[in-house]
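Trainee: I have a chain to study today. Can we go through it in short steps?

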Amino acid sequence: MRLPLLIVLFYTLIDFATAKSFLPRSFNADIEQQTKSVIKLKKGNKEIIKKYDVVVKYLFPSNVYLKVEDSTYVCNKNKTWLYTPPVIEGEKGEVKIGSSSKYCYAKLFDALSNGLSNNKIYTTKKSKNTATLSFSTKAQDQLQMTKVELLFDKLNKKSQFSDIKEMKMFKVGEKNPTVFVFKSLNRKVKLKASDFEFQVPKNTNINNW
């Protein structure tokens, strides 16, 4: 499923100095997720890149909303919802509901606002326009990710969250990274806690997560 890949994205958008100076308290973003896959053909293999549009909302702390195609993921301090609508009109949709203590990935996102300096979660390496975060063994077990690369036009002390152009996420056991291209970001949006309370539609199967 594509949503878990997107969720991990939010672990990595972090501050150069402090969360308050780099990471906005709330934002909306439009992102394109690009995933490379290989199709086996009789005459050989063919690489294709699948692209998905993603809508993101974030409110500090621990509130995230993700919309990719028809699937919706919502998390707040108490609960997490993962909703998939029915394929055929009239059938039942599916929603998984879990405790945020286990499934609210936004909490890890909050924790990673340590800046681009070495810490217990990751080590950092900076180049002209790229910041690479390499995760500790413990963090890799939690995130299922070895490292991420954040791409800017230019990387310096004045760089802001909204300056991120692209991110490459390297998942454990996968050869090719998942790429996230930032299309737009609104850091002046005013969100409230009630925006992260998912209302389960009628005719929906409810499962514990």
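Trainee: What percentage of the 209 residues of the chain count as buried?

Mentor: First, the ground rules. This is a predicted model, where local features need pLDDT of at least 70, side-chain atom pairs count only at pLDDT 80 or more, and totals for chains, interfaces and linings use all residues. Residues are numbered from 1 along each chain as its sequence is written, and side-chain values use heavy atoms, leaving out hydrogens and water. Buried means under 20% relative accessible area, with a 1.4 Å probe and protein chains only; of the 209 residues, the share is 42%.

Trainee: Is Asn 76 buried or exposed?

Mentor: Asn 76 sits in the loop between strand S4 (71-75) and strand S5 (79-84). Strands here are DSSP runs (E, at least two residues), numbered from the N terminus. Its relative accessibility is 5%, so Asn 76 counts as buried.

Trainee: Which residue has its backbone oxygen reached by the side chain of Asn 76 at 3.0 Å?

Mentor: Look at the side chain of Asn 76. One of its polar atoms lies 2.8 Å from the backbone nitrogen of Lys 79. The backbone oxygen reached at 3.0 Å belongs to Phe 196.

Trainee: How far apart in space are Thr 80 and Ile 97, C-alpha to C-alpha?

Mentor: Thr 80 lies in strand S5. Its relative accessible area is 0%, so Thr 80 is buried. In sequence, Thr 80 and Ile 97 are 17 residues apart. In space, their C-alpha distance is 5.6 Å.

Methods: Helix = DSSP H or I, 4+ residues; strand = E, 2+ residues; numbered from the N terminus. Buried < 20%, exposed > 50% of the residue type's maximum accessible area, 1.4 Å probe, protein only. Polar contact = N/O pair within 3.5 Å; in protein donor to acceptor, adjacent residues only side chain to side chain.
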